[in-house]
Structure formats: structure tokens, C-alpha cells
Amino acid sequence: MATIRELARLCGVSPATVSRVFNSPEVVNPKTRELVLRAAERIGYLPNESARTLATKRSFMVGLVWDTDHRRPGWRHPFFQDILIGLKTALSGRGYHLLMLATNDGGRPDAHLRAVRRHNLDGVVLIDNGTWDPPLRTLAESGVPCVSLDRPVEGPRTTYVTSDNVGGAAAAVRHLHERGRRTIATIAGPERTRPGAERLQGYRAEMARRGLPYRPEHVVQGDFYLAGGYAAMRRLLEAEERPDAVFAAGDEMAIGALHAIAEAGLKVPQDIAVVGFDDIEPAALVPPGLTTVAQDTAGFGTAAAEAVVTMIDGGDPPPPRVLPTTLVVRGSTGGPLPGER
């Protein structure tokens, strides 16, 4: 493997200049920096990460913390996969690696903080699992730069990124009402999670705004997974008054609902229209194509990466980011009308 001295000799600069190109590029003349980077690529030079860490006192690694319920395939959820790709891409573009953290410290309140220190991580990204247990609180309060996805966190160097869950849910109900639906049910996400609670809030607010009756039997708790959506839809089909539309607070639940509706011998959208939330990849493929509220998954990753790197660089915690959502109309509500997306 090429050494820093070989690269320096090839470029006609000192090894210290080469080191600065990779560790503090902003202090190097742009032409020199470009010369060194091109030569490094040509001869296959890679900076020594251990030396880089010693020189900069950084590991250039950001940890990912998500304590998903062991009974749920959380890591395999399509929306999480999209977020993970966006976050990894955004961090890589800023010179950072992403490390998934797993702890086996027996529920210690400092379990996550110990893992962060063990790996000398520069910052962390937290995924909301619906709880705010001691290990997460201890980590957020420690002063380690923390960015949470979908949940406000409290600490000296913390911020969060989320979507417009309330507005997105309201847009779903508004769309169904404008398509002539009057008995609109919802399969809600877990209320202990911010997305679940806010999407239910948006549903209820828009139902009231439109003068539509709120029926408790038309609000069924789901879990953001396909089987939960299927079971919830079965309950809605057994209601005394069957709904003519359903807003599911997650696409996997909406797809589960589509299966339950088909199993009951009913048609979508003729008998029941369905809207989801997320715009995961299967949404466009499952017949008849799922109308859904799209989240900006790439924006999640970019915003989280920008925020955590800003704090790592010594900046103040950025204000929370609320990303816009977009209604994507497909066949499950009748397809787009002229002028609609």
C-alpha cells in the first residue's frame, strides 16, 4: 500500500501538507489539494485512520442508536432502510463513517454512553423507539452531540429532525373527503411514538375541520407493520358501520389493510379507499398502487448529518427541522385527477 511519503514525493510537497489535505483540507491551497487527491486516487493511497484520529482527536465515526423491540423486525422495516441509506450517504459525503451500536450491558443506565466512549464516537443519531429510557437520557445529557429522528430530546448538545406528521395526515383525510368519502377510519401508529401520536392528531383535526363525525370504533391502534395493519383492518370491517375509506399511519399497515379488504371480497377503491404514510418502495407496486403521504427520506439523512457534524465542529445545536410531506395519489383512491401528482 502506498505511503504518505511516497505520495508527498510524487506531488512535490511535504508529508505534513499531505496530512493536512486529509485532516484539515480547508487550510490547503485548492490547487495543491486537488493535486494530492488525484495522485492519491491514482496510486491507491489511503490515509491511516489511527494516525488521523491522533492528529485530529476525532474518530470520524457517528453512532446509530435504535433500541427496537426484539419481537419486531425493526431493522428490516422499509422506511428505516431508506432512512439508513440517506444517513449513511450524507455522512460519507462529509468524511464520516456510520457505526450501528449494540450494547450488552444488562440495562445499565449508561449503556449507550459506555458504547460511545468505547468506540470514541464523535456523535450519535437516535431513532425514536417510543420510549425515553435511562440509557437514552444519560446519553443525551452527557454532552455528546446527539441528533434524534422523530423525537425531541433534551441535553446540552441535542436537536431533532422530523416530518410534518400532522399536516401529512390532514392532507390524507382532505384528499379522501374531496374524493367523496364520508366515513373515514384510521389505523393509527403507536401513540407512544411521536409519528403515531401526531398522525392521529392530524386525522382528528381534519375530520373536525370537515365536519365529519369522529367514531371511536373507527380508530384502531396499529404498530407500523404489515400484520398489525391486517389485524386492524379486520376489526374495522367488523364495525357496525363499515368505513368507506381508511387512512393508515404507515404504508406497511396500509398494505396489510389492502390484503384484509381483498380477503373480505371487497374492492379498492370502489368499496373502500386507502391512504398510507411513508411512500416506501412497495407502495407503487402493490395493486392497485397505494396513495400515500411521502416523507423526504433523503432529507432526513442530510438534515441529521448536517446537524451532528455542525455540533461535532463546535457549533451550537441547530434548531429542530420539520421536513415537508407530499401526497402521492395512486390507484387506491382512484388515481390522480388532472393537475394532481
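Which residue of β5 is the bridge partner of Cys146? It is Thr158. The close-ups below come from a predicted model.

**View 1. The open sheet of six strands.** The strand order is β2-β1-β3-β4-β5-β11. Pairing is parallel. Strands β2 (97-100) and β11 (321-323) stand at the edges. Each has a single partner strand, so one side of each is left without a neighbour in the sheet. From one strand to the next, the twist averages 20°. Strands of a sheet pair through backbone hydrogen bonds, either parallel or antiparallel.

**View 2. Strand β5 and its two pairings.** Strand β5 covers residues 158-163. It is joined to β4 by four bridges, and the two strands run parallel. Ser163 stands opposite Leu323 in β11.

**View 3. Burial of strand β5.** Six of the six residues of β5 are buried, so the strand is largely enclosed by the rest of the structure. In a regular strand the side chains alternate between the two faces of the sheet. On one side of β5 lie Thr158, Tyr160 and Thr162. On the other lie Thr159, Val161 and Ser163. Both faces are covered.

**View 4. Helix α12 on the sheet.** Helix α12 spans residues 297-312 and packs on the sheet. It touches β1 (61-65), β3 (123-127), β4 (146-149), β5 and β11. The direction of α12 makes about 170° with that of β5. The helix has 16 residues. From first C-alpha to last it reaches 23 Å, close to the 22 Å expected at 1.5 Å a residue. Just after α12, Gly314 takes a positive phi of about 100°.

**View 5. The buried residues of helix α12.** This helix is mostly covered, with 12 of its 16 residues buried. Among the buried residues are Thr297, Gly299, Phe300 and Gly301. Further along, they include Ala303, Ala304, Ala305 and Ala307. Val308, Val309, Met311 and Ile312 are also buried. The buried residues of α12 pack against β1, α5 (78-92), β3, β4, β5 and β11.

**View 6. The crossing of helices α2 and α3.** Helix α2 (residues 15-23) and helix α3 (residues 30-43) pack at an angle of about 90°. Their axes are 10 Å apart. That angle makes α2 roughly perpendicular to α3. From α2, the contact is made by Thr17, Val18, Val21 and Phe22. From α3, it is made by Thr32, Arg33, Val36, Leu37 and Ala40. The contact residues divide into six nonpolar, two polar and one charged.

View 7. Strand β10 covers residues 291-294. It pairs with β9 (residues 273-278) in the parallel sense over four bridges. In that pairing, Asp278 stands opposite Ala294. Three bridges join β10 to β12 (residues 326-328), and these two strands run antiparallel. Here the bridge partner of Ala294 is Thr326 of β12. Both faces of β10 are covered. Thr291 and Val293 are buried on one side, and Thr292 and Ala294 on the other.

**View 8. Two cis peptide bonds.** A cis peptide bond joins Val268 and Pro269, with omega about 10°. Pro269 is found in the loop between α11 (251-263) and β9. The peptide bond from Pro287 to Pro288 is also cis, with omega near 0°. Pro288 lies in the loop between β9 and β10.

View 9. Asn120 has phi near 55°, a positive value in a residue other than glycine. Its place is in the loop between α6 (111-118) and β3. With a relative accessible area of 38%, Asn120 is partly exposed. Asp150 has phi near 75°, likewise positive and not in a glycine. Asp150 sits in the loop between β4 and β5. Is Asp150 buried or exposed? At 10% relative accessibility, Asp150 counts as buried.

Methods: Residues are numbered from 1 along each chain as its sequence is written. This is a predicted model: local features need pLDDT of at least 70, side-chain atom pairs count only at pLDDT 80 or more; totals for chains, interfaces and linings use all residues. Side-chain values use heavy atoms; hydrogens and water are left out. Two strands pair if DSSP finds at least two bridges between them. Axes are lines fitted to C-alpha atoms, for helices over the stretch in contact, and angles run from 0 to 180 degrees between N-to-C directions. Contact means heavy atoms within 4.5 Å. Angles under 35 degrees count as roughly parallel, over 145 as roughly antiparallel, 65 to 115 as roughly perpendicular and the rest as oblique. Ala, Val, Leu, Ile, Met, Phe, Trp, Tyr, Cys and Pro count as nonpolar, Asp, Glu, Lys and Arg as charged, and the others, Gly among them, as polar. The expected span of a helix is 1.5 Å times one less than its number of residues. Buried means under 20% relative accessible area, exposed over 50%, partly exposed in between (1.4 Å probe, protein chains only).
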